[in-house]
Amino acid sequence: MKIFKNLLNIFSRKKEKASEDISKKYAIPIIEPDYKYSKKDIKDGFNMVKNIKMMNNIPDKILYYAVEQSMINIGSRSPFPRDLIEPYFPEMKKGELKYVMSSISLTANSLYDIKRDLQEEHILSNYYIWKSTPCKIHGHLNNIINSWDTPVDPKTAKDDYVFNNIHPSQSYHCLCIAQPIFNYDMQIKPLRSPLKIYRYGKIQKIRLIVN
């Protein structure tokens, strides 16, 4: 589908001055996308990644660079080198570091879901369906309907990896996605009653009454 293919076309911007020293050491080919993240977008992505507790092991300057490279090179399997963050997780096996790397990339680029839903003409812009397959952490959130205005609190998400509330893809090793809700005539799979909706800090079931 076009809307999901668009996830691969992302976001290019000149490196910030704070990242120049690091970029000289870790030279990575830049994929030229058709959309540019703004300076504010990079900061927002950085702050979302900082919400993951373990990411605070990484100095801000290094983490900012990793976030920036992830948002510029979304089509790359390795938007930044593993040895950039490896020193800050000395007890972690090399195979597990890939989950840290993917968590940085997926969390930062979850910002695109928000931008997509606000801009697409055929999408109910403020809501999405939380799809947690194959994520092992948030399986109980699968198919809930949520608003971009109300990220899910860690207690409801059963997520000890984060400080504050989250949307899909915004935690350690989270493989969830935010599936857009299309206008009625565009919806691939009709929404069925009862709906599971995150409201007022808990998951509620709401029955639809059709006259």
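1. A word on reading the model. Residues are numbered from 1 along each chain as its sequence is written. The model is predicted, with local features needing pLDDT of at least 70, side-chain atom pairs counting only at pLDDT 80 or more, and totals for chains, interfaces and linings using all residues; side-chain values use heavy atoms, without hydrogens and water.

2. How many salt bridges does a search of the whole structure find? The search finds two, where a salt bridge is a side-chain nitrogen of Lys or Arg within 4 Å of a carboxyl oxygen of Asp or Glu.

3. Let's start with Lys 40 and Asp 44, whose closest N and O atoms are 2.8 Å apart in a salt bridge. Both residues lie in helix H3 (residues 39–50), four residues apart, about one turn of the helix. Helices (H or I, at least four residues) and strands (E, at least two) are DSSP runs, numbered from the N terminus. Lys 40 is exposed, at a relative accessible area of 55%, while Asp 44 is partly exposed at 24%. Here buried means under 20% relative accessible area, exposed over 50%, and partly exposed in between (1.4 Å probe, protein chains only).

4. The other pair is Asp 60 and Lys 50, again with closest N and O atoms 2.8 Å apart. Asp 60 is partly exposed at 41%, and Lys 50 is partly exposed at 21%.

5. Next, have a look at helix H4 against helix H5. Their axes are 9 Å apart and the helices pack at an angle of about 65 degrees; axes are lines fitted to C-alpha atoms, for helices over the stretch in contact, and angles run from 0 to 180 degrees between N-to-C directions. Which residues meet there? From H4 come Leu 63, Ala 66, Val 67, Ser 70 and Met 71, and from H5 come Ile 104, Ser 105, Ala 108 and Asn 109, with contact meaning heavy atoms within 4.5 Å.

6. Within H5, the buried residues include Leu 97, Val 100 and Met 101, and also Ile 104, Ser 105, Ala 108 and Asn 109.

7. Finally, Arg 192 sits in the loop between strand E3 (177–182) and strand E4 (195–199). Arg 192 is exposed, at 65% relative accessibility.
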